[in-house]
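Let's take a quick tour of a protein model, starting with its charged side chains. Have the viewer open and follow along.

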Amino acid sequence: DAGLRMQGRRSRELPQKSLRLYAESEYGKEYFEYPFFGQKPELTRFKTLILRATNGTHGSLIKNELCNSIVEDMNIDYLAGETVVTFINGEYWGIYNLSERNDRHYVENNYYINDPDLDIIGYEWDITVEEGDINEYNRLTDYVRYADPSSPEFYERISEKIDIGGLIDYYAAQLYFANADWPKK
């Protein structure tokens, strides 16, 4: 038993809907407790999960899983996923991609931090604050915008706030995958 709601903007207009699953005590249990993902078998406790519809991946049932498995050994985070046959209330809904959700619970699970104090900044049509606030992000972008990149302290100060190696791997992966949904801004 779980809470369920639609996931993503575009999902509303497509025949197969992406869904977000919530574990809550009112539905039965506080967490989903099961090793869902072969990529991360050590993870066995989840607060939220995503059932991603396959109709947004241009006919591919495994695109997200393939991309995530390719970057598994790179210096970037990835969401573990599995292709699943989905039934809701006993009714067949189709083939979906079950994955972790990129939220505070992802940080707790993957970095073993209980109740992390973090800011999660997203982008849909504009920059959004999903958790915490945007103050540190604004300070960083202001610094990058107005600082002299040729100054000796520029790289040192930036690398205190940004994992440069991880950022390089992230850009390399996005370019390699020809991600047409990136970059936004």
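Arginine 145 and aspartate 142 form a salt bridge (a side-chain nitrogen of Lys or Arg within 4 Å of a carboxyl oxygen of Asp or Glu), with their closest N and O atoms 3.1 Å apart. Keep in mind that this is a predicted model, where local features need pLDDT of at least 70 and side-chain atom pairs count only at pLDDT 80 or more, while totals for chains, interfaces and linings use all residues. Residues are numbered from 1 along each chain as its sequence is written, and side-chain values use heavy atoms, leaving out hydrogens and water.

**The helix pair**
- Arginine 145 and aspartate 142 sit three residues apart in helix α3 (residues 135-146), so about one helical turn separates them. Helices here are DSSP runs (H or I, at least four residues), and strands are E runs of at least two, numbered from the N terminus.
- Arginine 145 is exposed, at 53% relative accessible area; exposed means over 50%, buried under 20%, and partly exposed in between (1.4 Å probe, protein chains only).
- Aspartate 142 is partly exposed, at 38%.

**Other salt bridges**
- Glutamate 100 pairs with lysine 40, with the closest N and O atoms 2.8 Å apart. Glutamate 100 lies in strand β7 (residues 91-100) and lysine 40 in the loop between β3 (32-33) and β4 (45-46), so they tie together parts 60 residues apart in sequence.
- Both glutamate 100 and lysine 40 are buried.

**The whole protein**
- You'll find five helices and nine strands.
- Of the 185 residues, 33% count as buried.
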